[in-house]
Amino acid sequence: MKRRIHLRRLDVSPKAAAIYLALLFTMFLLNCALPQKEPLSFALAFAALSCGLDPFVCGGSYLIASALSLSAEVSLSAAVQAAFLTLVFCIYKRLRRPAGYERALYALVAQLPFIFLFPHTSYSLFPFAVVWQKTVIAAFVFLISLMFDGGLHALLFRAFRCRLSAHALAEICLIWVFAGMGVCNAAGISVFYAVSLFPLLAAVFLLKNAAAVPFAVALSLPLCVTQQSALPCAAYAAFSCVSLLFVPYGKCASALSLFGCFLVSQYFEGLFATDGWNVALRLIACAAPAVLLVCLPEKYYRKANRTLLFYRERTLPRIAVNRQRRAVGEQLYEVSSLFREIETAFTVTDAQDNSDKRIRETLIATLCKDCPNRRKCERSGAYDALDKLIAVGCAKGRVNLIDLPADLSSQCANSAGLMFALNKQLAEYRRYAVEMESARAGRKLLAEQARGVSDILRDIALEQSEEYVFSEDESLLSKAFASAGILCSELFLYGEGNNVTVSVTASDKVSGKRLCDAAKSALKTPFALAEKIPLTSDRSCFILRKKPQFDAAFGVASVPKEGTAASGDTHSILRIDERRFIVALSDGMGSGEAARAVSDHTLTLLESFYKAKMPSEIVLSTVNRLIAYSSDETFSCLDLAAVNLDTGIADFVKIGSPAGYLLSGEELRVLEGESLPLGMLEAVHPATMRAELKEDDFLLFMSDGVSSAFGSTTELFDYLSGQRPLNPQSFAEELLSAALARYGGKAEDDMTVLAVRLLKAA
C-alpha cells in the first residue's frame, strides 16, 4: 500500500524573501554585538514570530545565525530555543489566532536553554557566579525581545504608511543600535560609515529641515557605544547640519559638503597618521554613499518625497479648509438675507382699495355733470345714498332696482341710467379684483418660496461655518485603528451629535466593517460606511457617519381598475439623507392615464421640494397652488410620512385620503384626516399628526379602492387587528388580495397598498 507524503510548500513572494534575508543578516549582526557573541538575535527571532512571520523560517534563521559561531554548545542552546518557539507559534498559526500577551511568558521560558547550555566566560565586571551572570544576560535579552517586538512591527507594518509614534521610533532605534554594534564588531568602522552615511544623506535631501539632525544622531549611536565616546554623535550632527546648508544647491553640493566635513572629522581623529590601506577604506566608506545618492534616479526621490508628504501630519490644510468654509458660510448668509428681503418685498401690504371712490367719481363725472338737479341732490344728501348703493354693488357684484335706496330713487331723475352705468363699472371692478387677487396669490407664492430658500441657505451657512478643529476623539480613533491593525495615514473627525463624520485615509483593502467596528469601540457610537473615495491605486478615503438607530423595509402591491391600462395611484419611497426618508401614496381623481398623470405630477413636486429640504408647510401649500393653477378639476389625494431613523419620530400628512394604519405590537392605531384633496382649493389645510415608531412597527397606507372594498372602516379595522405581519411586501400583497376578493376578483377602482416596517439597524 502506497502512502503519499505531502511536503510542506512555502510560497514566498520577492518582497517576503527580501524580508527573511534581511532578518537573517540582521540576526548575524546582532550576535556580533556583545563581547562573547551572546545570542541577541533571539530578540529579533521572537519579534518576527510575534509579527506573524513564518515560524519555520524564523526559527531556521535564528539557528543559522547562531551556527555561525562554530560552537556545538551555542548551536545546541539555539536549537532548543528555536524548536520551542517554532512549536508554540506553529500551534497558534494552526489555531488561526495571534499570540497575545502570553507570548512574553514564552520568551521568558525560552531563556532557560541559554542559562544552562550556552558556553559563557565570566565577566570581571560582575562579581558573582557564571550561571547568575547568564541569568542577568538572559533577563536583558528578554527585555530587549519585548522592545524589538514593537520596533519590528512598526518597521514591517507601519513605516512609510503612517506617522510613527515616538515610542515606535525609539524601539526601531534600539534595533539599529544593536545591529550597528554588530556591524562595527563584525566588519569594522569603515563599513559602518558606509552603511550609515547613505541614510543620513537621504534624510537630509528628503526632509530638508532640522528633523534630519536627530535622525543623524540616532545613526551615530552604535558607534558611540562601540567606541565608548560621544564624539561620533557630535560628528554626525555636524555632517547633517553642513549637508543641510548645501541642500538648496542640489544633491552634488550636499554630497560634496558631507565628504569634506567627513575628511575634517577624520583628520582630527588621526586617520591620516595610520597606514594608507586604512585611509583608503575610510575614504571609500564616505565616497560610496555620496556617489550612490547622486546616481540614484530622481524618480525614487520623488516617490519617497510624496510618501513622506502624504503621511506627514497636516495642519495647514485644516486651516485652509476652515477659512474656505467660513467664506462660503458668510456668502450663504448674505444670499439668505437677500431672499429674506425678497420675501419682505413680496409681502408688503397692498395699497388701500379705493375702488368705491373711483366708481363714485366716475358716475358723478358722467351722469351728474350736466344734470339740472345736481345741486339739489347735493343739498338733500342723495350722494350719501349713492355711496351705500355702490357699497352694496361691490359686495354683490351687481345691483338691481331692489337695491336702489328710496332717497336716491326719489331724487334722481335718471335712476335707470344710473343703474346701468353702475353695473358697467362693477363689471370692470370685478375684472380688476380678479387680476389683483391673482397677483396677490402669485406674490404670496413667491414670498413663501423666497422664505424657504432663505431657510435652506441659512441652515447650509450654519453647517458650513462650523470649523474643523482637532478633537481628542481623533487620538482615541487613531489608537483604536492601530489596535485593530488598520494603518491610517490621515484621520479627520468633525461634526456633533448625529452629524458626526469620520474621514480616514487607509489601504484600499481595508474593509468598511473593520473601520466601523474600530470607530464604534473608540467613540461608543455605531458607524456606517457612507462613502469610499479612491485616492491612489492602493489607498482610499473612507467616510464614516453615525449609524441611525433604525432602518426600514418597504412593500408595495398595486393593481389598476378593471379595463384600464394604467393605475391612477402612484407611490414614492425617497431617502432624503442617511437619517430620514419619506413615503407617500398619491391617488389621482378618477382612473387611467389622466389620474396617473395628476398623481405622478404631485409626487414629483413633493420629492423635488423635500430633496431640497424645504419646510413641510411651504411644500404643501406650494404644491397645492401649483396643482390648482395647472388645469381645471385635477385633484389628488395624498398620504405622506416623513420618518426620522435616529428617533423613530414620524410626521404624517393626510390630504383627502382614506385612513392609514399603524400596527405596533398588539395595538392598531388609525391615522385619519378630513381635508380636501390637493388642488381642489387654493388654500389647503392638511391633517397633520406625529407618532413615535418602535422596532417592528408597521405603517400602512392604501388608496380608496382598497378601503372601499371592505365596506366600512370597522370591517377593515377588524381584518387588520388579526394580522401579525413580518414581511412588508407579503403584508401588502395579502391585503390587496383580500380587498380584491371582496370585489369578486375584479378591481372596481385603482388599488394600491404601501407598507413600511421599521427595523433595528444592523
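Q: Is Lys-532 buried, partly exposed or exposed, and what is its relative accessible area?
A: Buried means a relative accessible area under 20%, exposed means over 50%, and partly exposed is in between (1.4 Å probe, protein chains only). Lys-532 has 38%, so it counts as partly exposed. The model is predicted: local features need pLDDT of at least 70, side-chain atom pairs count only at pLDDT 80 or more, and totals for chains, interfaces and linings use all residues. Residues are numbered from 1 along each chain as its sequence is written, and side-chain values use heavy atoms, with hydrogens and water left out.

Q: With which residue does Lys-532 form a salt bridge?
A: Side chains of opposite charge can pair when their charged atoms come close. The rule for a salt bridge is a side-chain nitrogen of Lys or Arg within 4 Å of a carboxyl oxygen of Asp or Glu. Lys-532 pairs in this way with Asp-508, and the closest N and O atoms are 3.4 Å apart. Lys-532 sits in strand E3 (residues 527-534) and Asp-508 in the loop between strand E2 (501-507) and helix H22 (512-523), so the pair ties together parts that are 24 residues apart in sequence. Helices (H or I, at least four residues) and strands (E, at least two) are DSSP runs numbered from the N terminus. Asp-508 is partly exposed, at 30% relative accessibility.

Q: How many salt bridges does this rule give?
A: The count comes to 10. One of them joins the side chains of Asp-517 and Lys-513, at 3.0 Å from N to O. These two are four residues apart in helix H22, so about one helical turn separates them. Asp-517 is partly exposed at 40%, whereas Lys-513 is exposed at 60%. Another salt bridge joins Asp-551 and Arg-575, at 3.7 Å from N to O. This pair links distant parts of the chain, with Asp-551 in strand E5 (residues 550-559) and Arg-575 in strand E6 (residues 569-575), 24 residues apart.

Q: Which residues does Arg-757 touch?
A: A contact means heavy atoms within 4.5 Å. Leaving out residues up to four places away in sequence, Arg-757 touches several residues, including Asp-551, Asp-696, Asp-697 and Leu-726. A polar atom of the Arg-757 side chain lies 2.6 Å from the backbone oxygen of Leu-726. Arg-757 belongs to strand E14 (residues 751-760) and is buried, at 17% relative accessibility.

Q: How many residues has the largest nonpolar core, and which have the most contacts inside it?
A: A nonpolar core is a set of buried Ala, Val, Leu, Ile, Met, Phe, Trp, Tyr and Cys residues joined through side-chain atoms within 4.5 Å. The largest has 49 residues, and Phe-42, Phe-148 and Phe-178 have the most contacts inside it. H2 gives the most to this core, with eight residues. A second, separate core of 31 residues includes Tyr-193 and Phe-205.

Q: Where is confidence lowest and where is it highest?
A: pLDDT is the predictor's confidence in each residue, from 0 to 100. Helix H24 (residues 616-630) is lowest, at a mean of 61, and H2 is highest, at 93. The protein chain has a mean pLDDT of 80, and 81% of its residues reach 70 or more. Over residues 1-10, pLDDT stays under 50.

Terms used:
A polar contact is a pair of N or O atoms within 3.5 Å; within protein, one must be able to donate a hydrogen and the other to accept it, and residues adjacent in sequence count only if both atoms are side-chain atoms.
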